[in-house]
Amino acid sequence: MGSNFSAVWPVVHAERERLVKDLSDIPADAWATPSLCPGWDVHDVLAHLIDGAMTTRLGFVRRMMANRFDFDRDNSAGIARQKRADPGQTLEALGEVITSTRTPPANSSTRFVEIFVHGEDIRRPLGIDVDYPVDPVVEALRYQAKTAVGFGGGRERVVGLRLTATDPDVVLGGADADEVRGRAIDLLLAVSGRPVPPGALLGPGAKKLATTA
């Protein structure tokens with residue numbers, strides 16, 4: 001079960017605000033840096049975050065119908081809507097929706113997944129290192145581990161694995177499964193199909209999770 005939205009939004013708003021600050025003085029050419037999300041640069045990911053912050057439940061349904069229920073097509077259309085010619089203006093646009101509580105029709109935990117995973121999609125390629133609030137990251141990890149890849153999760157990636165988060169000391173999975181140890185944020189990224197640095201994940205199942213990512 002995810003947290004209710006009243007508990008989620010303060011964390012999401014704080015993370016949006018922090019991301020705006022982190023990106024406020026990056027070099028102009030850094031915006032074209034490939035993100036961890038395949039096919040998107042960091043400017044694209046930023047535009048996607050704005051699109052998510054502006055999407056209502058009803059609006060999402062209408063968009064999906066217009067895009068023939070193709071998530072990739074809908075995401076591309078959303079990026080095109082929100083991506084300004086000047087990345088600085090795109091960043092200003094995110095600043096304007098920091099406190100938005102609009103959301104597609106989804107489990108509240110997806111808001112944690114979005115802000116943490118996409119935050120790292122942007123920050124890691126740019127060499128920006130931050131510490132995230134551990135409990136919300138673990139909640140996002142729990143959600144991703146039980147959600148199918150086809151719906152943006154990573155359930156198939158963790159079959160036969162036991163995930164051990166070393167920072168909050170949380171274990172997900174059966175005792176007889178192959179263990180993967182690491183920080184909750186690194187586990188979240190790997191389960192979400194993102195690459196993590198060598199050595200970030202340890203244990204008998206680490207190679208399998210990294211390979212399936």
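What follows describes two helix pairings and then a serine in a predicted model.

Helix α5 (residues 87-96) packs with helix α1 (residues 5-22), and its axis also comes within 9 Å of that of helix α2 (residues 42-54). The geometry of the two pairings is set out below.

| Pair | Angle | Axes | Crossing |
|---|---|---|---|
| α1 and α5 | about 155 degrees | 9 Å apart | left-handed |
| α2 and α5 | roughly 30 degrees | within 9 Å | left-handed |

Because angles over 145 degrees count as roughly antiparallel, α1 and α5 are roughly antiparallel to each other. On the α1 side the contact is made by Arg16, Leu19 and Val20, and on the α5 side by Leu91, Leu94 and Gly95; by residue class, this contact comprises four nonpolar residues, one polar and one charged.

The axes of α2 and α5 cross at roughly 30 degrees, which makes α2 roughly parallel to α5. Here His43, Leu46, Ala47 and Ile50 of α2 meet Pro87, Thr90, Leu91, Ala93 and Leu94 of α5, and the residues of this contact divide into seven nonpolar and two polar, with no charged residue.

Ser100 lies in the loop between α5 and α6 (109-126). With a relative accessible area of 14%, which is under the 20% cut-off, Ser100 is therefore buried. The side chain of Ser100 reaches the backbone nitrogen of Arg102 at 3.2 Å, and, leaving aside neighbours within four places in sequence, Ser100 is in contact with Trp9, His13, Arg16 and Ala53. Of these, Arg16 also belongs to the contact of α1 with α5.

Note on methods
Residues are numbered from 1 along each chain as its sequence is written. This is a predicted model: local features need pLDDT of at least 70, side-chain atom pairs count only at pLDDT 80 or more; totals for chains, interfaces and linings use all residues. Side-chain values use heavy atoms; hydrogens and water are left out. Axes are lines fitted to C-alpha atoms, for helices over the stretch in contact, and angles run from 0 to 180 degrees between N-to-C directions. Helices (H or I, at least four residues) and strands (E, at least two) are DSSP runs, numbered from the N terminus. Angles under 35 degrees count as roughly parallel, over 145 as roughly antiparallel, 65 to 115 as roughly perpendicular and the rest as oblique. A crossing is left-handed if the near helix is turned anticlockwise from the far one by less than a right angle, and right-handed if clockwise. Contact means heavy atoms within 4.5 Å. Ala, Val, Leu, Ile, Met, Phe, Trp, Tyr, Cys and Pro count as nonpolar, Asp, Glu, Lys and Arg as charged, and the others, Gly among them, as polar. Buried means under 20% relative accessible area, exposed over 50%, partly exposed in between (1.4 Å probe, protein chains only). A polar contact is a pair of N or O atoms within 3.5 Å; within protein, one must be able to donate a hydrogen and the other to accept it, and residues adjacent in sequence count only if both atoms are side-chain atoms.
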